[in-house]
Amino acid sequence: MRSFYGRLFLPGLLPVLLALSGCLFASQPRPEEPQPRGLSPVERFMVVRTPGGPDSTGVVSDPEFGENLRIVLEQEFLSASGETCRRASLLSQNGESEVVIMCRDKTGEWRLAPRLWGQGLPPARKHPDGQTE
């Protein structure tokens with residue numbers, strides 16, 4: 001008689017134990033992954049394209065730099081601080097130009113370097129309706 005109840009008890013207990021162990025693993029909080037910051041159109045172009053490659057030139061519109069800019073991703077280099085950096089030239093329709101630099105830090109995040117050369121391109125002007133010029 002005892003072996004009959006033992007045979008019923010063990011197979012019935014196994015699914016319950018498996019379900020409980022699944023609850024233990026599922027209830028553990030997952031660490032939050034850092035959300036990447038959004039890249040501007042110029043930044044996105046510089047990160048995605050290959051410097052000096054066949055896709056290294058294009059036209060972008062960026063609220064920070066202006067509309068319909070010709071961009072040339074020229075070179076990738078190692079900075080003095082050991083970061084991988086990329087240099088691009090921006091040319092506006094008015095003939096104004098600016099050199100921009102982006103560097104990838106130790107965490108792998110790309111950041112636009114401060115604009116150092118003169119005034120740079122004037123930012124795109126916003127109309128009262130929110131559209132850029």
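1. R87 and E74 form a salt bridge, with their closest N and O atoms 3.0 Å apart. A salt bridge here is a side-chain nitrogen of Lys or Arg within 4 Å of a carboxyl oxygen of Asp or Glu. The two residues sit in distant parts of the chain, R87 in strand 3 and E74 in strand 2, 13 residues apart. R87 counts as partly exposed at 28% relative accessibility, and E74 is partly exposed too, with a relative accessible area of 34%. Buried stands for under 20% relative accessible area, exposed for over 50%, and partly exposed for what lies in between (1.4 Å probe, protein chains only).

2. On the source: this is a predicted model, in which local features need pLDDT of at least 70 and side-chain atom pairs count only at pLDDT 80 or more, while totals for chains, interfaces and linings use all residues. Residues are numbered from 1 along each chain as its sequence is written, and side-chain values use heavy atoms, with hydrogens and water left out.

3. The chain has two helices and five strands, in the order α-α-β-β-β-β-β from the N terminus. Helices (H or I, at least four residues) and strands (E, at least two) are DSSP runs, numbered from the N terminus. Of the 133 residues, 23% count as buried. Among contacts between residues at least 6 apart in sequence, 31% join residues at least 24 apart; a contact means heavy atoms within 4.5 Å.

4. How many salt bridges are there in the chain? The count by the rule above comes to four. Another of them joins the side chains of E76 and R86, at 2.7 Å from N to O. This pair also links distant parts of the chain, E76 in strand 2 and R86 in strand 3, ten residues apart.

5. R111 forms a salt bridge with E109, the closest N and O atoms being 3.4 Å apart. R111 is partly exposed at 42% relative accessibility, and E109 is partly exposed with a relative accessible area of 27%. D105 joins E109 and R111 in a network of salt bridges.

6. The largest nonpolar core has 13 residues, of which V42, M46, I71, L90 and V100 touch the most other members. Helix 2 (41-48), strand 2 (66-78), strand 3 (84-91) and strand 4 (97-104) each supply at least two residues of this core. A nonpolar core is a set of buried Ala, Val, Leu, Ile, Met, Phe, Trp, Tyr and Cys residues joined through side-chain atoms within 4.5 Å. Leaving out residues up to four places away in sequence, M46 touches I71, L73, R86, R87, A88, V100, I101 and M102.

7. Which residues of helix 2 are buried? They are V42, E43, F45 and M46. Seen down the axis of helix 2, these buried residues fall within an arc of 160°, so they line one face of the helix. The arc is that of the directions from the helix axis to the C-beta atoms. In general, an α-helix has 3.6 residues a turn, so residues three or four places apart point the same way. The cover over the buried residues of helix 2 includes strand 1, strand 2, strand 3, strand 4 and strand 5 (110-112).

8. D62 deserves a separate look. This residue lies in strand 1 (residues 57-62). D62 is buried yet has no salt bridge, and the nearest side chain of opposite charge, R44, is 7.3 Å away. For charge, Lys and Arg count as positive and Asp and Glu as negative, with His and the chain ends not counted. The side chain of D62 does reach the backbone nitrogen of E64, at 2.8 Å.

9. S79 lies in the loop between strand 2 and strand 3 and is buried, with a relative accessible area of 18%. Its side chain makes a polar contact of 3.0 Å with the side chain of S81. A polar contact is a pair of N or O atoms within 3.5 Å; within protein, one must be able to donate a hydrogen and the other to accept it, and residues adjacent in sequence count only if both atoms are side-chain atoms. The C-alpha atoms of S79 and C103 are separated by 8.2 Å, the two residues being 24 apart along the chain.

10. Phi of N68 is near 50°, a positive value in a residue other than glycine. N68 is partly exposed, with a relative accessible area of 40%.
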